[in-house]
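Dear colleague,

Please find below the structure I promised to hand over, together with its sequence. My notes on what was found follow directly after it.

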Amino acid sequence: MPFCPKCRYEYQPDVTKCPDCDAWLVSSLPPEPEEEFDVPNDEREWIPLAKFPSHATATLVEEALESKGISAVVYDDICVLVARDSAYDADNEGLALMGDEWKKYSLIEPETPQVEEL
C-alpha cells in the first residue's frame with residue numbers, strides 16, 4: 001500500500017497522489033523523527049493524541065475535545081496534542097466522535113482496565 005510522505009496516511013494501491021497534501025505517494029515510510037512540540041507553557045506534560053490526513057479534521061477534533069472540557073492543541077497542522085493526564089478521556093471522546101475510523105489516527109495505546117485479584 002502506498003503512503004503519503006507528509007501526512008503518513010495509507011492509501012489504496014491505485015492512488016498515486018495524496019489529495020490532502022498534494023504529495024506523490026511512496027511505497028514505505030521512514031521512521032518518524034523525534035519532534036519537539038510547541039505547546040502551551042504550563043505545568044502539564046503534553047503528548048500527541050492523534051495524527052490526521054488534514055488540518056480540517058485535526059481542528060474538528062480539537063474543537064470537539066475543547067467543547068468537552070479537554071484542553072487540546074493542533075500541532076504542525078495535522079497532529080492533536082493533549083495533556084497526558086487527560087489522554088484517556090480524549091481518546092474516548094475521539095472514539096465517540098469518529099467511531100472505528102478513530103483507530104486509524106490515534107497515537108496512544110488504549111488503557112487496559114485493571115482487574116482486581118481476589
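Of the contacts in the chain between residues at least 6 apart in sequence, 48% join residues at least 24 apart. Please bear in mind that this is a predicted model. The chain has 118 residues, and 34% of them are buried. Its accessible surface comes to about 8,100 Å², with 49% of that belonging to carbon and sulfur atoms.

The chain holds two helices and three strands, and from the N terminus on the elements run β-α-β-β-α.

The three strands form an open sheet in the order β1-β3-β2, with antiparallel pairing. Because β1 and β2 stand at the edges, each with a single partner strand, one side of each is left without a neighbour in the sheet. On average, neighbouring strands of this sheet are turned by 35 degrees against each other, direction ignored.

The pairing can be followed residue by residue. β1 and β3 run antiparallel and are joined by five bridges; Pro48 has Leu81 in β3 as its bridge partner. Strand β2, residues 72-75, is likewise antiparallel to β3 and is joined to it by four bridges, and here Ala72 has Val82 in β3 as its bridge partner. β2 and β3 form a hairpin with three residues between them, and Asp76 in the turn has a positive phi of about 55 degrees.

As to the helices, α1 lies across β1, β2 and β3 and runs at about 170 degrees to β2. α2 also packs on the sheet, where it touches β1 and β3, and its direction makes about 15 degrees with that of β1.

Which residues have the most contacts inside the largest nonpolar core? They are Leu49, Phe52, Leu65, Val80 and Val82, in a core of 16 residues. The elements that give two or more residues to this core are β1 (46-51), α1 (55-67), β3 (79-83) and α2 (87-98). Leu65 deserves a look on your screen: not counting residues up to four places away in sequence, Leu65 touches Leu49, Ile70, Ala72, Val80, Val82, Ala90 and Glu93. Another core, of seven residues, lies apart from the largest one and includes Cys4, Cys18, Ala23 and Ile78.

With kind regards

Note on methods:
Residues numbered from 1 in each chain as written. Predicted model: local features only at pLDDT ≥ 70, side-chain atom pairs only at ≥ 80, totals over all residues. Heavy atoms only, no water. Core = buried A, V, L, I, M, F, W, Y, C linked by side-chain atoms within 4.5 Å. Buried < 20%, exposed > 50% of the residue type's maximum accessible area, 1.4 Å probe, protein only. Contact = heavy atoms within 4.5 Å. Pairing = 2+ DSSP bridges. Areas by Shrake-Rupley, 256 points an atom, 1.4 Å probe, with all protein chains shown as cover. Axes fitted to C-alpha atoms, helices over the stretch in contact; angles between N-to-C directions.
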